[in-house]
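Thanks for making the time this morning.

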Amino acid sequence: MSVILECKNLTKVFGPKTALYGLNLSLESGRIIGLLGPNGSGKTTLIKMINGLISPTEGEVLIDGIKPGVDTKKIVSYLPERSYLNRHIRVAQAVELFSDFYEDFDRGRAYDMLARLHIERNEKLSTMSKGTREKVHLVLVMSRRARLYCLDEPIAGVDPAARDFILSTIINNYDENATILISTHLISDIENILDEVIFLEYGQLRMFSSVDDIRFNQGKSVDTLFREVFKC
């Protein structure tokens, strides 16, 4: 497998606070990876740096060997923690917006997922619940044929009944050579789809392991190990 993401001595300081410190990490293609840690551990900071929204204080992050910028936006699909879509537009307008902006956007895939979620293309985002708006945004992000998907809390705002569908949407709508990086607090809900997990604490790497190693070598679920490590 080729390396899709590298972090080399990655550090980010905000005034007196160090959000990430000396992070070294290498992620391969074709993996679904959980980015886990308590609040303030640096998860969202890392995802924002991968997407070029903030710059490192020291070190570097590389996507397919390239620093975040215009070229990497063509291969990275990003779901932020909060939707940035204008609430006054209709679903079909959001689909066209993504289609115009991203060459790898698949309209057919988007409308198929929306139909399975019973979301009408002429419905305005302003008339939807918060959870339904987040479903629309996830559909748009997963309808790109990207090489790296960064999903920041993709199931936090939806009801439990919809989580299974969303997770199946994630694993069934990406290329097997792509990588998905999922930040979440709902570990028990997603651990069955994960290949690897990253534990961050105080901006530093606490652990990077395959899920199989955790289950077979330690005899624990990811959720149980997380609670033990972080005393939850």
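Helices here are DSSP runs of H or I with at least four residues, strands are runs of E with at least two, and both are numbered from the N terminus. Please keep in mind that this is a predicted model, in which local features need pLDDT of at least 70 and side-chain atom pairs count only at pLDDT 80 or more, whereas totals for chains, interfaces and linings use all residues. Residues are numbered from 1 along each chain as its sequence is written, and side-chain values use heavy atoms, with hydrogens and water left out.

Let me begin with the salt bridges, meaning a side-chain nitrogen of Lys or Arg within 4 Å of a carboxyl oxygen of Asp or Glu; the structure holds 12 of them. In one of these, glutamate 134 pairs with lysine 130, with 2.7 Å between the closest N and O atoms, and the two residues lie four apart in helix 5, which is about one helical turn. Glutamate 134 is buried at 15% relative accessibility, where buried means under 20% relative accessible area, exposed over 50%, and partly exposed in between, using a 1.4 Å probe and protein chains only.

Glutamate 191 and arginine 215 also form a salt bridge, at 3.7 Å from N to O, and this pair links distant parts of the chain, 24 residues apart. Glutamate 191 is buried at 7%, while arginine 215 is partly exposed at 28%.

Turning to the backbone, histidine 118 has a positive phi, near 60 degrees, and is exposed at 70%.
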